[in-house]
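Here is a short report for a reader who is new to this structure. Take it one heading at a time, with the picture alongside.

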Amino acid sequence: MGQRQPLLGNPATRRTGAIVKAKILLIEDNAQNRYLTTFLLEQHGYEVSHAPTGPRGLEMAATVRPDLILLDIQLPGMDGHAVTRALKDNPALKQIPVIAVTSYAMVGDREKCLDAGAEGYIEKPIDPDTFVAEIERFLRPATGEPAP
Ligand code: MN
């Protein structure tokens with residue numbers, strides 16, 4: 001771990017001949033969760049942007065063009081299921097992998113996330129020892145790039 005530099009599948013952020021770290025958009029309303037998640041991702045070299053609400057997350061997805069979206073489900077106003085559906089209904093954004101961050105206690109939430117179109121889910125509370133490896137499974141390696 002630590003030394004691994006993920007390759008990108010997002011042509012918008014790929015640079016010829018260079019390995020660029022992935023951009024991750026975190027949509028999460030809880031400041032403590034944002035802090036821990038950001039800390040872990042930045043420690044592994046990822047570029048993290050945040051949005052505290054669903055509508056702001058949708059705006060930022062369009063401007064930042066992240067390689068991956070980590071999405072809290074329990075958000076005020078527009079919940080994570082609605083955010084997922086809005087992302088997947090948008091032809092410009094639907095190819096970005098969405099990983100729902102679901103509460104372990106919320107029965108049926110994971111299935112609802114997948115039904116809404118999320119590529120995967122991670123349970124909260126996140127495990128700092130395995131979190132980064134879990135999300136890396138959803139970052140697509142770029143085609144035609146040399147292996148690290
Ligand atoms: Mn929340």
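Predicted model: local features only at pLDDT ≥ 70, side-chain atom pairs only at ≥ 80, totals over all residues.

## How two helices lie

Are α2 and α3 roughly parallel or roughly antiparallel to each other? Helix α2 covers residues 54-64 and helix α3 covers residues 80-88. Their axes cross at roughly 25 degrees and come within 10 Å. Angles under 35 degrees count as roughly parallel, so α2 and α3 are roughly parallel to each other.

The crossing of α2 and α3 is right-handed. From α2, the residues in the contact are G54, G57, L58 and A61. From α3, they are A82, V83, A86 and L87. By class, the residues of this contact are six nonpolar and two polar, with no charged ones.

## The overall plan

Now step back to the whole chain. The protein has five helices and five strands. From the N terminus, the order is β-α-β-α-β-α-β-α-β-α.

The protein has 148 residues, and 29% of them are buried. Take the contacts with a separation of 6 or more: 59% of them join residues 24 or more positions apart.

The axes of α3 and α4 come within 8 Å. They cross at roughly 20 degrees, so α3 and α4 are roughly parallel to each other. The crossing of α3 and α4 is right-handed.

## The nonpolar core

The largest nonpolar core holds 27 residues. Which of its residues touch the most other members? They are I69, L70, L71, I99 and A100.

Look at L71 in particular. Set aside its neighbours within four places in sequence, and L71 is in contact with I27, G80, V83, T84, V98, I99, A100 and V101.

## G54, in the α2 helix

G54 sits in helix α2 and takes part in the contact with α3. Is G54 buried or exposed? G54 has 24 C-beta neighbours inside 10 Å. A residue with 20 or more counts as buried, so G54 is buried.

Beyond four places in sequence, G54 touches I27, L75, G77, M78, A82 and V83. I27 and V83 are also among the contacts of L71. The C-alpha atoms of G54 and I73 are separated by 9.5 Å. These two residues are 19 residues apart along the chain.

## Partly exposed places

E42 is part of helix α1, which spans residues 31-43. E42 has 13 C-beta neighbours inside 10 Å, so it counts as partly exposed. Its C-alpha atom is 9.9 Å from that of I24, a residue 18 residues apart from E42 along the chain.

G120 belongs to strand β5. With 15 C-beta neighbours inside 10 Å, G120 is also partly exposed. Not counting residues up to four places away in sequence, G120 touches I99 and F138. The C-alpha atoms of G120 and V98 are 6.8 Å from each other, while the two residues are 22 residues apart along the chain.

## Two backbone details

What is the peptide bond from K124 to P125, cis or trans? The bond is cis, with omega near 0 degrees. P125 lies in the loop between β5 (120-124) and α5.

R65 is in another part of the chain, in the loop between α2 and β3. R65 is a residue other than glycine, yet its phi is positive, near 50 degrees. With 16 C-beta neighbours inside 10 Å, R65 counts as partly exposed.

Methods: Residues numbered from 1 in each chain as written. Axes fitted to C-alpha atoms, helices over the stretch in contact; angles between N-to-C directions. Helix = DSSP H or I, 4+ residues; strand = E, 2+ residues; numbered from the N terminus. Parallel < 35°, antiparallel > 145°, perpendicular 65-115°, else oblique. Left-handed = near helix turned anticlockwise from the far one by under 90°. Contact = placed C-beta atoms within 7 Å. Nonpolar A, V, L, I, M, F, W, Y, C, P; charged D, E, K, R; others polar. Buried ≥ 20, exposed ≤ 12 C-beta atoms within 10 Å, placed from the backbone. Core = buried A, V, L, I, M, F, W, Y, C linked by C-beta atoms within 7 Å.
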